[in-house]
Amino acid sequence: MTCPDKIKLIGFIVPVILTDERDDVWGEWDGSAGTVTLNARASDDHLKVTFLHEVIHGIDDILGLNVKHSAVYALSQHLWLLFKENPALAEWFFTDQKANQ
């Protein structure tokens, strides 16, 4: 499965841009444009955790939470690790059990 080209975030459609044109950042949330940009040169795992990191920045920005960057970093790392180390949790979390009965 590949990185989506857009996501729905708190009711907004957010384009996801993969680019290899920048080497100064791994990812960026642009609140004025409402986009997530990711560095296509990142490894698969790095791309995923960076995506999660930028989405948390987006949630923070949209909701005006004023979350410190250190908290965004910690949340993105540990939420990614939670699903990475517990694939059954991810499957359960994102599967509609009633539809499968």
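This is a predicted model: local features need pLDDT of at least 70, side-chain atom pairs count only at pLDDT 80 or more; totals for chains, interfaces and linings use all residues.
Strand β1, spanning residues 6-9, pairs with strand β2, residues 12-19, in the antiparallel sense over four bridges. Within this pairing, K8 stands opposite I13 of β2. Two residues lie between the strands, and I10 takes a positive phi near 50° in this hairpin.

With a relative accessibility of 15%, L47 counts as buried. Beyond its neighbours within four places in sequence, L47 is in contact with L18, L38, N39 and A42. F93, by comparison, is 46 residues from L47 in sequence, and their C-alpha atoms are 21 Å apart.

Helix α1 also features in the pockets. The largest pocket has a volume of about 690 Å³. Its lining comprises 18 residues, with K48, F51, L52, W80 and F83 nearest the centre. Two elements, α1 and α2 (69-85), each give two or more residues to this lining, and α1 gives the most, with eight. By class, the lining of the largest pocket holds 13 nonpolar, one polar and four charged residues.

The second largest pocket has a volume of about 150 Å³. Among its lining residues are W26, H46, H53, H57, H69 and Y73. Here α1 provides the largest share of the lining, six residues. The lining of this second pocket divides into three nonpolar, eight polar and one charged residues.

Definitions and conventions:
Residues are numbered from 1 along each chain as its sequence is written. Side-chain values use heavy atoms; hydrogens and water are left out. Buried means under 20% relative accessible area, exposed over 50%, partly exposed in between (1.4 Å probe, protein chains only). Contact means heavy atoms within 4.5 Å. Two strands pair if DSSP finds at least two bridges between them. On a 1 Å grid over the protein atoms alone, a cavity is a set of points where a 1.4 Å probe fits but cannot get out, and a pocket is an open set with protein on both sides within 12 Å along at least five of seven lines; lining residues have an atom within 4 Å of a point. Grid points are joined across faces, edges and corners, and a volume is the space filled by probe spheres set on the points. Ala, Val, Leu, Ile, Met, Phe, Trp, Tyr, Cys and Pro count as nonpolar, Asp, Glu, Lys and Arg as charged, and the others, Gly among them, as polar.
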